[in-house]
Amino acid sequence: MADEKTTVRFGVLGCAHISIKLCKAIVRAPNTTLQAIGSRSLEKATAFIAQNGLPEVVRVYGSYEAVLEDDQVDAVYIPLPTALHVTWAIRTAERGKHILLEKPVAMNTAELDRILEACEGNGVQFMDGTMWVHHPRTAKMKEALSDEQRFGQLKWIHSCLTYNPGPEFLKHSIRAKPDLDGLGALGDTGWYCIRAILWAMNYQLPKSVLAFPGAILNEEGVIISCGSSLHWEDGRSATFHCSFLSYVTFDVTALGTKGSLRLHDFTLPFEENLGYGTFHESSELDFGKIEPGRWCPKPNEHVVESEVPQEVLMVKEFADLVGKVKFCGEKPEKEWSVVSRKTQIVLDAVKESIQRNYQHVEIKL
């Protein structure tokens with residue numbers, strides 16, 4: 001049971017499918033409560049509460065604006081189409097409410113800068129909704145990548161996130177509509193790929209990106225499949241592929257001078273419903289342990305337990321930061337704004353490379 005004196009009260013804008021998971025996470029987190037949900041239709045918001053088993057005491061509104069006007073709402077989760085983020089995130093910040101913004105956070109860096117300026121100007125906390133970075137497995141993987149004895153120096157990383165939702169999705173989904181989620185697969189799945197790469201590189205931006213020839217766009221010009229390489233001044237490099245046209249794949253491979261790390265479920269652990277996640281790492285230090293008949297050591301499986309799902313951990317961490325502002329008078333933490341902005345910068349560069357007929361694009365802050 002959350003302590004009312006230190007509880008962060010959430011409002012939610014819209015009844016998107018992802019809202020179901022986040023609303024349940026807000027109810028479950030120890031330091032948050034679900035205060036209100038707003039939709040363009042009061043009937044839709046009311047049905048959303050009932051159909052998903054959410055507390056009946058949650059206030060329902062027939063507009064997004066009504067959520068922002070509720071004085072009992074401290075923070076707002078915004079899962080609206082990407083094209084609407086800049087408008088509603090700025091309005092939320094101007095009401096003095098903290099923002100958990102679904103990814104991709106904006107259509108471009110210029111829009112994100114407007115959002116972040118509004119957050120800073122109004123003293124509110126910002127975080128994007130990239131859940132996997134909050135799972136304890138992610139911290140353990142970073143420890144593995146940082147082990148100079150076993151892994152050495154990171155040289156290359158590849159990430160791949162694809163799924164094939166079928167022709168009806170490609171025809172009707174907002175993710176394929178230029179006026180709603182115009183970044184398409186690059187924004188939906190490429191965001192995760194780019195974040196994984198930057199995470200492994202300690203969020204050091206690459207010098208340049210080069211999109212792979214052959215990106216596939218729909219008739220309205222929205223990317224539904226693409227890939228790119230990223231290049232750093234010190235010789236490190238990365239590649240990624242994102243698509244709405246291939247079988248579901250959530251892969252990350254990181255190669256170091258002495259070892260490697262691999263996982264096939266980086267955005268959502270296969271075993272999360274059982275309370276844990278796994279990853280595999282290998283090292284040249286294990287060559288002395290090669291079993292008879294093998295030409296190289298079998299990868300080591302690491303099991304990382306978690307008492308709650310990663311979305312609950314994300315909500316809790318966000319609410320902890322909000323609590324420091326609300327209850328302790330501290331300034332908002334800027335780390336998550338910086339991480340989001342770097343992800344958006346690379347995403348923009350990949351899109352620009354595609355638009356410029358697959359030319360190198362230099363990264364600029």
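Mentor: The questions below set values against cut-offs, and the model is a predicted one.

Trainee: Why is Gly190 called buried?

Mentor: Buried means under 20% relative accessible area. Gly190 has 0%, so the label applies. Gly190 is found in helix H10 and touches Ala185, Phe240 and Cys242, not counting residues up to four places away in sequence.

Trainee: What makes helix H10 mostly covered?

Mentor: Helix H10 spans residues 190-200, and eleven of its eleven residues are buried. Among them are Trp191, Arg195 and Trp199. H10 is followed by Asn202, which has a positive phi near 55°.

Trainee: How do you know that Asp74 and Arg9 form a salt bridge?

Mentor: The cut-off is a side-chain nitrogen of Lys or Arg within 4 Å of a carboxyl oxygen of Asp or Glu. For Asp74 and Arg9 the closest N and O atoms are 2.9 Å apart, and the pair forms a salt bridge. Asp74 lies in the loop between helix H3 and strand E4, and Arg9 in strand E1, so the pair ties together parts that are 65 residues apart in sequence. Arg9, Asp74 and Lys326 are also linked in a network of salt bridges.

Trainee: Is Asp74 buried or exposed?

Mentor: Asp74 has 10% relative accessibility, so it counts as buried.

Trainee: What makes Lys140 and Glu143 a salt bridge?

Mentor: Their closest N and O atoms are 3.8 Å apart, and the limit is 4 Å. Both residues lie in helix H6, three residues apart, about one turn of the helix.

Trainee: Why does Lys142 have no salt bridge?

Mentor: The nearest side chain of opposite charge, Glu335, is 9.1 Å away, and a salt bridge has to fall within 4 Å. Lys142 is found in helix H6 and, leaving aside neighbours within four places in sequence, is in contact with Trp199 and Asn202.

Trainee: What is the make-up of the lining of the largest cavity?

Mentor: The lining divides into seven nonpolar, no polar and no charged residues. The residues are Trp132, Met141, Ala196, Trp199, Val252, Leu263 and Phe266. About 30 Å³ of space lies in this cavity.

Trainee: Which residues lie nearest the centre of the largest pocket, and how many line it?

Mentor: The largest pocket is lined by 38 residues, with Ala16, His17, Ile18, Glu102 and Arg175 nearest its centre. The elements that give two or more residues to its lining are helix H1, helix H8 and helix H9. H1 gives the largest share, four residues. By class, the lining has 20 nonpolar, ten polar and eight charged residues. About 1,100 Å³ of space lies in this pocket.

Definitions and conventions
Residues numbered from 1 in each chain as written. Predicted model: local features only at pLDDT ≥ 70, side-chain atom pairs only at ≥ 80, totals over all residues. Heavy atoms only, no water. Buried < 20%, exposed > 50% of the residue type's maximum accessible area, 1.4 Å probe, protein only. Lys, Arg positive; Asp, Glu negative; His and termini not counted. Contact = heavy atoms within 4.5 Å. 1 Å grid on protein atoms, 1.4 Å probe; cavity = no way out; pocket = protein on both sides within 12 Å on 5 of 7 lines; lining within 4 Å. Points joined across faces, edges and corners; volume = space filled by probe spheres on them. Nonpolar A, V, L, I, M, F, W, Y, C, P; charged D, E, K, R; others polar.
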